[in-house]
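Trainee: I am new to this structure. Could we go through some of the terms?

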Amino acid sequence: MKIYALVPCLYNEVGHHYSYHLAMTKAMRLNGWEYIKLIPKRSILNNLGPDWQKTLSLHGGQKGIWNNFFKPLANFPPFFKLFFRLKKPNNNQVVFLEYFTIIHLMLASFLIFFIRPKIQLWLLYRTDLDQIIFKGKAHRFLHVLLKKALKKQNVKLFTDSELLAKQLSSFFKKNVQVLPIPHTNSSSPSIKVSSPNEILCWWPGGSIRKEKGFYQIKRLVNRLKTSSNIKLILADSMIQFVEKNTRIQFIKSNLSEIEYNDWMIKADLILLPYISELYRYRTSGIFVEAIVAGAMPVVTKDTWMEYELKKFDLEELVIFWSSNDIIKIFHEIHNNVQIKEKFKIMREHYIKFHSIQNFASLFKNQDFRHF
């Protein structure tokens, strides 16, 4: 089996894109499959193996008509070249889009419709219909073209959210399979060593994004007292936005994978004050990474994270970030033995489900009879 991943948004190691495709590579190797990543020519990732090919035009940066609608069209030549090469009958060819815009999907759909490559197409959706342009109607139309060109069975839809799978399955009238989130560090210690004198709270991520709770963290900083035993860890990109406080420790924004995992293991609480409107169905890789690492995530109500925590009776980790007692709440969570016991059960489940091995197994069980 040879799988070609089109990744036009991969510029550096920031965010989930790079770690996701590293995990995907490991999973496909377990299956004995070849996994080829097509990434932008301008990507600053270096020392990559031959399975990483710099052929695409970079999509990303500032939002706007040019970046969102015209710039992605520069991928016409490499997309055309790939699909034309895959015209020859072969029962072992897959094209995978893990993160894409409507323009990427439109470009791929029309090329597939006219070239008719002999492939299966895998589409991984991460965003709910309210956040998709035209509320998914354009995607649904393109799916019609794809089904005519490839046969219905050769267009497979995936997501990593149970909530999103229900919504999209109903809308697209097609099964959307739920996948694990595989970029976790399952080698984290089973017993977390916490300091009795200090609660380490971390807001992970180097990019300053409102959707991930920028204003809630600013409000939290204002409530931190120098006498508190809460230590707040922030990326140094936040220095210009918050007042100095001895209870804040700044770390570099662009952590290596090893540094990131180290901080995840050190932290007691992972702060995820994400905006519910955007994360009602959408998953958080950091949430899964935190649980696998043994750090308890503190999240917002009406989010996918709350949905996951409720499965394990962990509603105590769902808080109102505007509460005047937020520091007290952190202490209560950290010191509650019952919460820790329930969290231990959730962690054991996550380590099994969100693993490279389970990820590989779910892909291997796909139906490949209809190429």
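Mentor: Here is a short exchange on labels and their cut-offs.
This is a predicted model: local features need pLDDT of at least 70, side-chain atom pairs count only at pLDDT 80 or more, and totals for chains, interfaces and linings use all residues. Residues are numbered from 1 along each chain as its sequence is written, and side-chain values use heavy atoms, with hydrogens and water left out.

Trainee: Why is Asn185 called buried?

Mentor: Buried means under 20% relative accessible area, exposed over 50%, partly exposed in between (1.4 Å probe, protein chains only). Asn185 has 19% relative accessibility, so Asn185 counts as buried.

Trainee: Which residues does Asn185 touch, not counting residues up to four places away in sequence?

Mentor: Asn185 touches Asn261, Ile265 and Val292. Contact means heavy atoms within 4.5 Å.

Trainee: Where is Leu73 found?

Mentor: Leu73 is in the loop between helix H2 (65–70) and helix H3 (76–85). Helices (H or I, at least four residues) are DSSP runs, numbered from the N terminus.

Trainee: What makes a nonpolar core?

Mentor: A nonpolar core is a set of buried Ala, Val, Leu, Ile, Met, Phe, Trp, Tyr and Cys residues joined through side-chain atoms within 4.5 Å. The largest has 59 residues. Leu269 is among those with the most contacts inside this core. Helix H10 (residues 285–293) gives the most to this core, with 7 residues. A second, separate core has 40 residues, including Ile36 and Leu146.

Note on methods
Helix = DSSP H or I, 4+ residues; strand = E, 2+ residues; numbered from the N terminus.
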